[in-house]
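Biologist: Hi! I'm new to this one, could you walk me through it?
Modeller: Happy to, let's bring it up.

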Amino acid sequence: MDDLDLTDLERRMDGALTSPAKEFQGLRTGRASTQLLDSVIVEAYGASMPINQIATVSVPEPRMLSVQVWDKENTKITEKAIRESNLGLNPQVDGQLLRIPLPDLSEERRQELSKIAAKYAENAKIAVRNVRRDGMDTTKKMEKDGDISQDDRHIYDEEIQTITDKSIDKIDELLSSKEVEIMQV
């Protein structure tokens, strides 16, 4: 019965929870956050790199981001990457400093962001279900190989389903709180 490790399955499902939590940080709400630009990739030095590898991102005011580009040559491409990031941001260039005011979100944009958040949550749920399927496949194989009885397999399967349900509930809670945050005016 060493082939099935329920704590490992739980750990893998919890790992699926970190993905939407990180992605949610990049979704814009009414407040500035340095994580907002984490998804921005800049083509610099012949490679694709996250914005935090060529600039310092800070929050000087609640509704303003500033990006201090380290190399003057990368200012234009950084500005372009932010504009094309689909975050609805319009940077203003001041030397090597990009000031990014956060405009108020329209109702339409809020609903769009909620849909994106729901997509992130659904991807996490799919990952959790894949872990569940792996666990269920393992119990079937163990039963077929004669390592466990049919009754033991059903007990394992119920425990796997319980762990899965808890993980799905956590994802739903994350999504719900993010939707409330997005919809706040």
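Biologist: Which residue in β4 is the bridge partner of Thr 56?
Modeller: The partner there is Gln 68. Before we go on, this is a predicted model, where local features need pLDDT of at least 70, side-chain atom pairs count only at pLDDT 80 or more, and totals for chains, interfaces and linings use all residues. Residues are numbered from 1 along each chain as its sequence is written, and side-chain values use heavy atoms, with hydrogens and water left out.

Biologist: Thanks! How are strands and helices picked out?
Modeller: They are DSSP runs numbered from the N terminus: H or I of at least four residues for helices, E of at least two for strands. Two strands pair if DSSP finds at least two bridges between them.

Biologist: How many bridges join β3 to β4?
Modeller: Five, and the two strands run antiparallel. A hairpin through two residues links them.

Biologist: And what is the strand order of the open sheet?
Modeller: The order is β3-β4-β6-β5, four strands with antiparallel pairing. β3 (55-61) and β5 are the edge strands, each pairing on one side only. From one strand to the next, the twist averages 25 degrees (axes are lines fitted to C-alpha atoms, for helices over the stretch in contact, and angles run from 0 to 180 degrees between N-to-C directions).

Biologist: What about β4 and β6, how many bridges there?
Modeller: Five bridges join that antiparallel pair. Leu 65, for one, has Ile 100 in β6 as its bridge partner.

Biologist: Is β4 mostly covered or mostly open?
Modeller: Mostly covered, with five of its six residues buried. Buried means under 20% relative accessible area, exposed over 50%, and partly exposed in between (1.4 Å probe, protein chains only).

Biologist: Switching to helices: which residues of α2 are buried?
Modeller: In α2 (residues 75-83) they are Thr 75, Thr 78, Glu 79, Ala 81 and Ile 82. Down the helix axis they fall within an arc of 160 degrees, so they line one face of α2; the arc is that of the directions from the axis to the C-beta atoms.

Biologist: What covers them?
Modeller: The cover includes β1 (41-44), β4 (64-69), β5 (92-94) and β6 (97-101), where contact means heavy atoms within 4.5 Å. α2 lies across β4, β5 and β6, at about 20 degrees to β6.
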